[in-house]
Amino acid sequence: MESDEEIRRVPEVGSEPAGPSTSSREPGSTTGSDRAQASAEPGQRKRGKNPADKEHKRLKRLLRNRVSAQQARERKKAYLSELETKVKDLESKNSELEERLSTLLNENQMLRHILKNTTVSRRESSSSVSGE
């Protein structure tokens, strides 16, 4: 199993790969000048990649993936922080509105009571004036 440092380390293109040595030439592998000749011939393409290129690509992909995952975690953390701030603000506003509602209900009830008393006293005074 590779350590985190080994996985994070991306070798340079010209350096030896982290795996087994590839100093012996494999049949079918090409050098720089052979590649130029092979690519110069029409209809021929290099099909396989050498192990060093594959390992380099794999390490670069792992590193990009780790960076991307870290950025996603940071975005998520910022988003959650923003949501928590919104929740606090909305809870505060909700408390203020509940308090205002309670005050207005009490005021409404008090005004209804005053109106009822005023109406009853007017009826009594008008009925006593009419009854005389």
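Helices (H or I, at least four residues) and strands (E, at least two) are taken here as DSSP runs, numbered from the N terminus. The structure is a predicted model, in which local features need pLDDT of at least 70 and side-chain atom pairs count only at pLDDT 80 or more, while totals for chains, interfaces and linings use all residues. Residues are numbered from 1 along each chain as its sequence is written, and side-chain values use heavy atoms, with hydrogens and water left out.

The protein holds 3 helices and 0 strands, and its pattern along the sequence reads α-α-α. Helix 3 covers residues 51–130, and helix 2 covers 32–40. Burial is judged by relative accessible area: under 20% is buried, over 50% is exposed, and values in between are partly exposed (1.4 Å probe, protein chains only). Of the 132 residues, 5% count as buried. Accessible areas come from the Shrake-Rupley method with a 1.4 Å probe, and for residues only the protein chains shown count as cover. The accessible surface comes to about 12100 Å², with 52% of it belonging to carbon and sulfur atoms.

The partners are R58 and E55, whose side chains meet at 3.0 Å, N to O. Both residues lie in helix 3, 3 residues apart, about one turn of the helix. E55 is classed as buried because its relative accessible area is 18%, whereas R58, at 25%, counts as partly exposed. Side chains of opposite charge can pair when their charged atoms come close.

Two surface patches complete the picture. Patches are made of residues with over 30% relative accessible area and no salt bridge, with like charges joined within 9 Å and nonpolar side chains (Val, Leu, Ile, Met, Phe, Trp, Tyr) within 5 Å. Y79, L80 and L83 form a nonpolar patch, with about 280 Å² of accessible area together. Y79 lies in helix 3 and, at 51% relative accessibility, counts as exposed. A positive patch is formed by K49, K57, K60, R61 and R64. In this scheme Lys and Arg count as positive and Asp and Glu as negative, while His and the chain ends are not counted; the place of a charge is taken as NZ of Lys, CZ of Arg, CG of Asp or CD of Glu. K49 sits in the loop between helix 2 and helix 3, and its relative accessible area of 48% makes K49 partly exposed.

How values were computed:
Salt bridge = Lys/Arg side-chain N within 4 Å of Asp/Glu carboxyl O.
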